[in-house]
Amino acid sequence: MEKFAFIIHPLSIKDMGHVSPILKYIPDGVLEACLKMKKPFKVSHITGIQSPYAEAEGWFVGCPLTAKQMVELPEEFVMDRIIESGKIAQELGAKIVGLGAFTSVVGDAGITIAKHLDIAVTSGNSYTVATAVQGTKAAVKMMGKKLGDCRAVVVGASGSIGSAAVRLLASEVPHITLVARHLAPLEEIAQDVIKNHACEVEVTDNIHAALENADIVMTVTSALDFLIEPADLKPGAVVCDVARPRNVSKEVSAKRKDVLVIEGGVIDVPGNVDFHFNFGFPPHTSYACMAETMILALEGRYENFTLGRNLELDKIITIAKLAEKHNFRLSGFRNFERAVTREEIDNVRHFALEELAVHHG
């Protein structure tokens with residue numbers, strides 16, 4: 001039996017309501033102070049993962065800090081908490097630990113954490129990118145578009161997931177715009193893409209201008225606030241929101257029936273998996289970052305796999321192949337905690353064509 005663990009944390013104080021309804025009545029400041037004092041702990045035992053080649057069990061380990069706290073508290077304090085969480089994973093018998101949500105963003109994106117643990121560490125970002133791009137391409141096709149005709153925008157393109165997504169998309173789209181707050185890192189990525197692909201590349205820090213003509217939007221920033229609002233998008237746009245917390249406002253889905261918003265990387269896990277913890281997904285499915293940890297365990301690859309800010313394309317390709325081998329699959333599409341049906345996608349396509357007809361009429 002292969003063994004892994006995965007570190008989770010509440011994205012916001014609001015998430016604490018899932019743990020216990022009583023917590024909704026406690027002021028945010030009091031809850032934040034309590035979380036800061038609480039030590040990491042075992043959340044649940046994960047059972048029933050079975051591929052054609054191996055079986056695995058694992059554990060969720062809770063690191064009790066919100067995304068906001070991880071960004072605002074002293075880095076050293078936050079890193080210590082994550083390392084403590086990793087040590088609990090070790091004690092439970094895990095041979096690899098995955099870093100969930102903001103635990104993979106803090107500091108040097110897992111490198112220091114790995115140095116302080118005696119087990120392997122991965123951020124899960126390689127499989128996150130692989131499935132986000134795979135899902136986006138499938139959604140574009142279902143919307144009746146060809147990748148070769150699409151203008152793509154990657155928001156957060158200077159980050160590890162964003163820059164890898166740029167390189168994967170650049171081989172299939174003719175035009176791509178890179179968006180981030182700082183232009184210098186974007187220029188570097190743009191030069192690399194131009195050198196290796198027959199793709200036009202623009203860079204900008206103006207997200208609203210970039211989105212105006214975008215057919216495909218992938219957004220992968222670590223921003224705590226919504227960046228994309230209903231008025232930003234053109235009819236028929238496909239938006240893949242890989243970020244946690246989300247970058248796309250819920251208003252987009254509510255008000256724009258002509259735009260398709262999907263979440264990156266919802267994965268079918270092989271076997272009869274039971275997480276014994278509700279993180280808002282349907283049974284037998286997980287985030288791609290969680291799945292990467294499970295895949296590496298099933299393969300017996302107990303090594304530091306995805307760490308640091310630069311993702312390696314060969315690792316993204318490797319984890320995608322291993323996922324296929326162990327029967328991990330992209331599980332359709334989701335949007336704000338619910339499944340997106342084929343019928344809904346057809347409706348979005350219909351509304352988009354109507355809108356475009358009005359504009360061009």
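Q: Buried means under 20% relative accessible area, exposed over 50%, partly exposed in between (1.4 Å probe, protein chains only). Are Phe275 and Phe279 buried or exposed?
A: Phe275 is buried, and Phe279 is too. This is a predicted model: local features need pLDDT of at least 70, side-chain atom pairs count only at pLDDT 80 or more, and totals for chains, interfaces and linings use all residues. Residues are numbered from 1 along each chain as its sequence is written, and side-chain values use heavy atoms, with hydrogens and water left out.

Q: What makes two rings a pair, and how many aromatic pairs are there?
A: Rings of Phe, Tyr and Trp (its six-membered ring) pair if their centres lie within 6.5 Å; planes under 30 degrees apart count as stacked, over 60 as edge-to-face and the rest as tilted. That rule gives eight aromatic pairs.

Q: Why is the pair of Phe275 and Phe279 called edge-to-face?
A: The ring centres of Phe275 and Phe279 are 5.2 Å apart and the planes stand at 80°, so the pair is edge-to-face.

Q: Why is the pair of Phe281 and Tyr287 called tilted?
A: The centres of Phe281 and Tyr287 are 4.4 Å apart and the planes meet at 45°, so this pair is tilted. Phe281 and Tyr287 are both buried.

Q: What makes β6 and β9 a strand pair?
A: Strands (E, at least two residues) and helices (H or I, at least four) are DSSP runs, numbered from the N terminus. Two strands pair if DSSP finds at least two bridges between them. Strand β6 (residues 151–155) and β9 have four, in the parallel sense. Four bridges also join β9 to strand β10 (residues 238–241), again parallel. Met218 has Cys240 in β10 as its bridge partner.

Q: What makes a nonpolar core, and which residues touch the most other members of the largest one?
A: A nonpolar core is a set of buried Ala, Val, Leu, Ile, Met, Phe, Trp, Tyr and Cys residues joined through side-chain atoms within 4.5 Å. The largest has 76 residues; Ile49, Tyr127, Ile176, Leu178, Met218 and Phe328 touch the most other members. Helix α11 (residues 288–298) gives its largest share, nine residues. A second, separate core has 25 residues, including Cys63 and Leu99.
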